[in-house]
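Here are my notes on the pockets and the aromatic contacts. Have the model open while you go through them.

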Amino acid sequence: MAGGIGSRFWPLSKSNMPKQFLDILGTGRTFIQQTYDRFTKICPNDNFFIVTSVDYKELVMEQLPELKESQILLEPLRRSTAPCIAYASYKIQKINPKANIIVSSSDHFIQQEDAFLEEIRKGIEFVSKNDALLTLGIQPNRPETGYGYIQIESNRAIESVANLHKVKTFTEKPDIELAKIFIESGEFFWNSGIFIWSLPSILKAFNTHLSSISELFERGSRLYGTSDEIPFLNKTYSECQNISIDYGIMEKATNVYVLCSDFGWSDLGTWGSLYENSIKDNQGNVVTGKNVMLYGAKDCIVNMPNEKLVVLHGLEGYIVVESEETLLVCRKEDEQQIRQFVNDVRMNK
Ligand code: GDD
Ligand code: MG
């Protein structure tokens, strides 16, 4: 899934250059390239499909020249992750109706790749034998409101897989009060946004919980791969509900399982998560930029890719980020509002 705009990383991430196509950590590979590199170790090149916006076709082809054009599925409109998954699922059905599928975000950072792939292998094994919607769960360390929260049914693991649990509740993006309660209870995991299931299981879930979406995409089955596919998609996406897989299926389904793992995962979806994962100076600041002078600044994340001299005095707990045309100064604790700022900027243009 590579069609999001990563708006909470604004103004660095923009709609014409979203986060998945950026190398925010300076590793030499962008997030989508890192995601591809990771999965090539267990998935043959021909089995990759990137679902993204028509606007990002060139970016994907440029960054992943290994893929054929037919492996890049283009959406005419952004309708969040449920339509993205439904479209890909019906396309894959024509190739292999029994396929096991890994659905991954393309903007994650994973430190321990071998441990990660080991979990993926376990997950594939489980879903190939069970009608299960499996997600990888992460031990949370703060009341982050940008994630899904998963409560497990009991501490007893399923079958022989020590860290696999049936899910009791799934709550997408709770408010801060609820997130604090979840964290304090110690019973919850974060949803990593990396799912594993078989094609029959996910299609069954769509038919049960989001039938309006699955009916739309099923209708296209005989058109996929023909010249009628694009007009069909234009019409379908304009009629399609805008909903994520988390709200649409994971919160509702009763056959959700979680593989609780630790492989150094982070979404790095926000300035705050980048801050948490970065090395700080002795005042707790994370600074990128050659010409930044700090006086009494504490716990700030400052990202100044331009040459401009920046002097910060007495600022505590702030995000300060500059891009070519924008300067953002926002309290770290209010960073979820950045989505709103981006919407307002777009509306005012
Ligand atoms: N093709 C396509 N179309 N991809 C999309 C779309 C879309 O309309 N919208 C988002 N994506 C892609 C993004 O590019 C990203 O790779 C992935 O789908 C997830 O979308 P995000 O917008 O980043 O979701 P999120 O981070 O707010 O929430 C999800 O991930 C969290 C962990 O990272 C949820 O699954 C949460 O429950 C989870 O905790
Ligand atoms: Mg994300």
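1. A quick definition to start: a pocket here is an open set of grid points with protein on both sides within 12 Å along at least five of seven lines, and a residue counts as lining if it has an atom within 4 Å of a point. Do keep in mind that this is a predicted model.

2. With that in hand, look at the second largest pocket, which is lined by 31 residues. Nearest its centre you'll find N47, F48, F49, I101 and I102. The space in this pocket comes to about 740 Å³.

3. Helix 3 gives the largest share, six residues.

4. Now the largest pocket, with about 1100 Å³ of space. Its lining counts 43 residues, and G4, S80, T81, K173 and R339 are the closest to the centre. Helix 3 (81-95), strand 8 (188-198), helix 9 (245-250) and helix 11 (338-348) are the elements that each put two or more residues into this lining.

5. Why does the largest pocket lie between the two domains? Domain 1 (7-269) and domain 2 (279-348) both contribute lining residues, so the pocket sits between them. By class, that lining splits into twelve nonpolar, 19 polar and twelve charged residues.

6. There is also one cavity of 30 Å³ or more in the structure. The residues around the largest cavity are R8, E144, G146, Y147, D267, G269, T270 and S273. Sorted by class, they are one nonpolar, four polar and three charged.

7. On to the rings: the count is 17 aromatic pairs. One of them joins Y87 and Y224, a tilted pair with 5.7 Å centre to centre and 55 degrees between the planes. Y87 lies in helix 3 and Y224 in the loop between helix 7 (211-218) and helix 8 (229-239), so this pair ties together parts 137 residues apart in sequence. Are these two tyrosines buried or exposed? Y87 and Y224 are both buried.

8. Another pair to click on is F116 with F263, which is edge-to-face at 5.0 Å centre to centre, with 70 degrees between the planes. F116 sits in helix 4 and F263 in the loop between strand 9 (256-261) and strand 10 (265-266), so to speak a link between distant parts of the chain, 147 residues apart. F116 has a relative accessible area of 0%, and F263 comes in at 1%. Buried means under 20% relative accessible area, so F116 counts as buried, and so does F263.

9. Back to Y87 and Y224 for a moment: ring pairs link them with F217, F232 and Y237 into a cluster.

10. Last, two lysines deserve a glance. The charged end of K332 sits over the ring of Y275, 3.9 Å from the ring centre. For K19, the charged end sits over the ring of F31, and the distance to the centre of that ring is 6.0 Å.

Terms used: Residues are numbered from 1 along each chain as its sequence is written. Chains are lettered from A and ligands numbered from 1 in the order in which they are written. This is a predicted model: local features need pLDDT of at least 70, side-chain atom pairs count only at pLDDT 80 or more; totals for chains, interfaces and linings use all residues. Side-chain values use heavy atoms; hydrogens and water are left out. On a 1 Å grid over the protein atoms alone, a cavity is a set of points where a 1.4 Å probe fits but cannot get out, and a pocket is an open set with protein on both sides within 12 Å along at least five of seven lines; lining residues have an atom within 4 Å of a point. Grid points are joined across faces, edges and corners, and a volume is the space filled by probe spheres set on the points. Ala, Val, Leu, Ile, Met, Phe, Trp, Tyr, Cys and Pro count as nonpolar, Asp, Glu, Lys and Arg as charged, and the others, Gly among them, as polar. Helices (H or I, at least four residues) and strands (E, at least two) are DSSP runs, numbered from the N terminus. Domain bounds come from an automatic or database domain assignment. Rings of Phe, Tyr and Trp (its six-membered ring) pair if their centres lie within 6.5 Å; planes under 30 degrees apart count as stacked, over 60 as edge-to-face and the rest as tilted. Buried means under 20% relative accessible area, exposed over 50%, partly exposed in between (1.4 Å probe, protein chains only). A charge sits over a ring if NZ of Lys or CZ of Arg is within 6 Å of the ring centre and within 35 degrees of the ring normal.
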